[in-house]
Structures are given as C-alpha cells and as structure tokens.
Amino acid sequence: QVQLAESGGGLVQAGGSLILSCVASGSILSINHMGWYRQAPGEQRELVARISSVDITNYADSVKGRFTISRLNAKNTVYLQMNSLKPEDTAVYYCNADIRTWSRVTLSFWGQGTQVTVSS
C-alpha cells in the first residue's frame, strides 16, 4: 500500500503565498515523477507542476514565475511554493506520484486533495 498525504492548503488573500507539501509513504522502492494538479469547480483536473527524479521541472503557463516545485527525495516529499496567488488559483490541489512499489510495479498514486482558496 502507498499513501500520499497533502498539507498546507487554506485561505489566503490575493497576492499572498502558500506552501503545499505531500509525503509519500508505504511500500515504496523508488519514486519517479512527482507533481501537483488542481481542479476548480466545474473544471477538469489540470497539471500545475511536475518534477522528475533528477529535478527536471515543468509548469503550466498560468503559474510560471509564481509557483516553484521542489522535492526532498530522502523524505519522499514534494513541495509547491505558491507566490503572488490570484483568485483564479482557487481549486483543490492534488499530489501525484509515479511510484515503483515493492511488487516491482510502477503505478500512479494520488493524494486526497487540499483546498486552496484565494480571495480578491
């Protein structure tokens, strides 16, 4: 079993900052990509940022220059630093990770989501 546990969401005013964290635990051999996705009401889930096992990153155009993704491999943790937040960043943010398990199968796992609300 593998679990992803997110934390750090909340309510913030426009222009403010938040840091999201996601810790992977369980039957983990190795972790490949880790990333953050978000889903606003009535919208499809979309990629926010993604980071490879060797720290290659990619971002949605809408967050470039404002958000920074990073990871701490020793703690199976991925972070999302969100600055200059806008009301349109309001969404449920989901952590995702491609994990090679003890069964030697690589699967994609999701966290339960954390709400980020940006007030204008």
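These legends go with several close-up views of a predicted model. Local features are given only where pLDDT is at least 70 and side-chain atom pairs only at pLDDT 80 or more, while totals for chains, interfaces and linings use all residues. Numbering starts from 1 along each chain as its sequence is written, and side-chain values use heavy atoms, with hydrogens and water left out.

**View 1. Four strands make an open sheet in the order S1-S3-S8-S7.** Strands here are DSSP runs of E, at least two residues long, numbered from the N terminus. The pairing is antiparallel; two strands pair if DSSP finds at least two bridges between them. S1 and S7 sit at the edges, each pairing on one side only. Neighbouring strands are turned against each other by 15 degrees on average, direction ignored; the axes are lines fitted to C-alpha atoms, and angles run from 0 to 180 degrees between N-to-C directions.

**View 2. S8 (residues 77-82) pairs with S3 (residues 18-26) and with S7 (residues 67-72).** On the S3 side there are six antiparallel bridges, and Leu-20 stands opposite Leu-80. S7 and S8 also pair in the antiparallel sense over six bridges. Here Phe-67 faces Met-82 across the pair, and Leu-72 stands opposite Thr-77. Four residues lie between the strands of this hairpin, where Asn-76 takes a positive phi near 50 degrees.

View 3. Leaving aside neighbours within four places in sequence, the contacts of Leu-80 (heavy atoms within 4.5 Å) include Trp-36, Val-48, Phe-67, Ile-69 and Tyr-93.

**View 4. Thr-114 belongs to strand S11 (residues 114-119).** At 11% relative accessibility, Thr-114 counts as buried; the cut-off for buried is under 20% relative accessible area, with exposed over 50% and partly exposed in between (1.4 Å probe, protein chains only). The Thr-114 side chain reaches the backbone nitrogen of Gly-9 at 3.3 Å. Beyond its neighbours within four places in sequence, Thr-114 is in contact with Glu-6, Gly-9, Leu-20, Ala-91, Val-92 and Tyr-93.

How values were computed: Polar contact = N/O pair within 3.5 Å; in protein donor to acceptor, adjacent residues only side chain to side chain.
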